[in-house]
Amino acid sequence: MKFLTGAALLPLAFLASTVAATHFQVTVGKNGQLRFDPETIDAKKGDKVTYNFFARNHSVTQSSFEKPCMPLDNAIFSAFVPTDSPDVASRTTFTIEVKDDKPIWIYCSQTNGNHCQNGMVHAINAPKQGNTFDAYKALAAKSPPPSLSPPDGLPNGGVRRTTVDVGLNGTLTYSPNNITEPPRTIVEFRFNPRNHTVTQSSFDKPCFPLNGNVGFSSGFIATTAVPSVATYELIVNDTNPIWFYCGQVNGNHCQAGMVGAINAPVVGNTLNAFIAKAKAAPPPSVIPPIAPIGGRVFVGDLEILKFNLNGGNSIDADAIFGLQVAPRFFRPSGTKPEIWDDKLKPSGWTTVYGAKPTGTEGGSGPYGGESH
Ligand SMILES: [Cu+2]
């Protein structure tokens, strides 16, 4: 039986606006070069540009044409992305959406090596005459160092995102398990086969949810698919350490070391100290009774708003019937899954009821061709 494709649930207007857009990919510092590639892009309103970072420690920072190595007020800024490999991109990316056809001038604000002055600049919709990209690059070369970054040092004007593999190749791991990211970064957990969770604990009590279930929890997300299209997204809100674990009791994943941290201290309450506490924690682990909380679960193009009509904390990501779903990116930002009810449903918000729909043949969505 063919599964209903995710795309079939999207309103037509939504489809039309996404089909027309182009998504550009730009490398930042690949192969050790102080260079954005491509250096220039001609983009339309609604197009997206994703920056992929390579070794050393680069940034995407917006300037004016006249002052190439200085940030605009409220500049687009990726924040710095430290990474080791010259040819394998960091898991952390930065994506901006082009709002109009005006030029966007970009530089790398790394002062160690004066990247901007050494030609690490980039432009979207640079004029072909007058204030050209070459003229911008020439101004950058003459700019007095040091370059500056936006004063708060936080990502702005785009989406900074990093990824974590959950249970990769059947292992009881989060990889990486030691994430360092600034506030506003989206951390995307990608679920692999078995039935794992990403649940927040305190440092002192791994394998148990924060008191009052006030932390985040993905819930149990079972899948057999590789690669899985099931993800859980969190936003880093501050610089405090964030501790998390897998609450699967079958095999005691937490006690087996399936734990991780965002912004763990390097001394004192370190990730290694947390792992040692997890290994000593008394089974069974517990997770909050409702999911998702504190973050967002997606299965392909659908956001899973509730795990079933009455709540609950586990889903089979391969067979999402009975769940309340909406097209990805549909929900107004800032709203939380637990406050959603039927009165708040925008059009296009759907419950996939128990009877399995007989989908059409083929389908290009993430479920296309998959049988259940
Ligand atoms: Cu697990």
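**Briefing: strands, cis prolines and positive phi**

Pro292 is placed in the loop between helix H3 (271-279) and strand S21; helices (H or I, at least four residues) and strands (E, at least two) are DSSP runs, numbered from the N terminus. The model is predicted: local features need pLDDT of at least 70, side-chain atom pairs count only at pLDDT 80 or more, and totals for chains, interfaces and linings use all residues. Residue numbers start from 1 along each chain as its sequence is written.

**Cis peptide bonds**
- The bond from Ala291 to Pro292 is cis, with omega near -5 degrees.
- The bond from Val226 to Pro227 is also cis, with omega near -5 degrees, and Pro227 sits in the loop between S17 (220-223) and S18.

**Strand pairing**
- S18 and S21 (residues 296-299) pair in the antiparallel sense over four bridges, where pairing requires that DSSP finds at least two bridges between two strands.
- Within S21, Phe298 is the bridge partner of Thr231.
- S14 (residues 186-191) runs antiparallel to S18 (residues 230-235), joined by five bridges; Val187 stands opposite Leu234 in S18.
- A separate topic is the open sheet of four strands in the order S3-S10-S9-S6, with mixed pairing.
- S3 (40-41) and S6 (61-63) stand at its edges, each with a single partner strand, so one side of each lacks a neighbour in the sheet.

**Positive phi**
- Asn31, in the loop between S1 (23-28) and S2 (36-37), has phi near 55 degrees.
- Asn31 counts as exposed because it has 11 C-beta neighbours inside 10 Å (exposed: 12 or fewer other C-beta atoms within 10 Å of its own; buried: 20 or more; partly exposed: in between; C-beta atoms are placed from the backbone).
- Asn114, in the loop between S9 and S10, has a positive phi of about 45 degrees, and with 20 such neighbours inside 10 Å it counts as buried.
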